[in-house]
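Take a moment to look over the model below. Then follow its chain from one end to the other.

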Amino acid sequence: MSMSNEDRLIKRDRMRYIKNKPSANLAYLAILLDVIYFVSIYQSDVETWYYRWIIGVSIVYNLIFMLAAFLSSEGVKNYQKNYTYIELALGVIQFVRIFILPVPAHNATLTVGDVTIQVMHSAQFTLCVVCLIASGVCLIASGVINYIKCNELAAHMKTLENQNA
């Protein structure tokens with residue numbers, strides 16, 4: 001069922017008064033997925049492997065990520081195009097993060113006594129990778145949706161200005 005021109009016009013005009021909830025909700029979901037990743041990594045205690053500077057940097061980045069993603073969710077909720085670029089960058093970084101901590105931890109082993117143990121077992125590795133990928137996809141989708149809606153709203157506002165002039 002296709003929309004008439006009048007229905008499209010009404011839909012665009014409503015954008016002036018309603019929030020961009022799909023983009024904001026995707027950003028919230030990305031934060032939630034990052035928290036699951038965060039908890040999965042930081043509940044691990046395999047000898048001294050996790051007591052390294054990279055963990056400290058990871059903790060600080062996670063806090064910055066959650067703050068930036070939340071700020072972006074509020075920005076895209078109000079159709080602010082600049083937050084699209086922040087979300088896209090955060091989304092790409094989520095993919096890169098897979099190779100910074102989960103992959104090295106999954107490939108690392110430690111010898112405790114006479115037993116060799118894997119630092120990150122496969123189930124935890126899979127959970128971490130899925131959470132980071134899903135979080136990145138949510139942020140990129142949120143940014144793309146916001147970009148499209150911002151362009152639609154800007155075009156509509158220009159049309160309204162031309163009609164009033």
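In what order do the elements of the protein chain run from the N terminus on? The order is α-α-α-α-α-β-β-α. That gives six helices and two strands. Helices (H or I, at least four residues) and strands (E, at least two) are DSSP runs, numbered from the N terminus.

This is a predicted model, in which local features need pLDDT of at least 70, side-chain atom pairs count only at pLDDT 80 or more, and totals for chains, interfaces and linings use all residues. Residues are numbered from 1 along each chain as its sequence is written, and side-chain values use heavy atoms, with hydrogens and water left out.

Start with the overall form.

Now find helix 2 (residues 21-42) and helix 3 (residues 53-77). Their axes come within 8 Å and cross at roughly 165°. Axes are lines fitted to C-alpha atoms, for helices over the stretch in contact, and angles run from 0 to 180 degrees between N-to-C directions. The angle makes helix 2 roughly antiparallel to helix 3 (the term applies over 145 degrees). The contact (heavy atoms within 4.5 Å) includes Ala 27 and Phe 38 of helix 2 and Phe 65 and Met 66 of helix 3. Its residues divide into 16 nonpolar, four polar and three charged. Here Ala, Val, Leu, Ile, Met, Phe, Trp, Tyr, Cys and Pro count as nonpolar, Asp, Glu, Lys and Arg as charged, and the others, Gly among them, as polar.

Next come helix 4 (residues 82-97) and helix 6 (residues 122-164). They pack at about 160°, with axes 8 Å apart. That makes helix 4 roughly antiparallel to helix 6. Among the residues that meet are Leu 88 and Phe 95 in helix 4, and Leu 139 and Gly 143 in helix 6. By class, this contact has twelve nonpolar, eight polar and two charged residues.

Last, look at the strands. Strand 1 (residues 109-112) and strand 2 (residues 115-118) run antiparallel, joined by four bridges. Two strands pair if DSSP finds at least two bridges between them. Leu 110 stands opposite Ile 117 in strand 2. The hairpin has two residues between the strands, and Gly 113 takes a positive phi near 70° there.

Key:
Angles under 35 degrees count as roughly parallel, over 145 as roughly antiparallel, 65 to 115 as roughly perpendicular and the rest as oblique.
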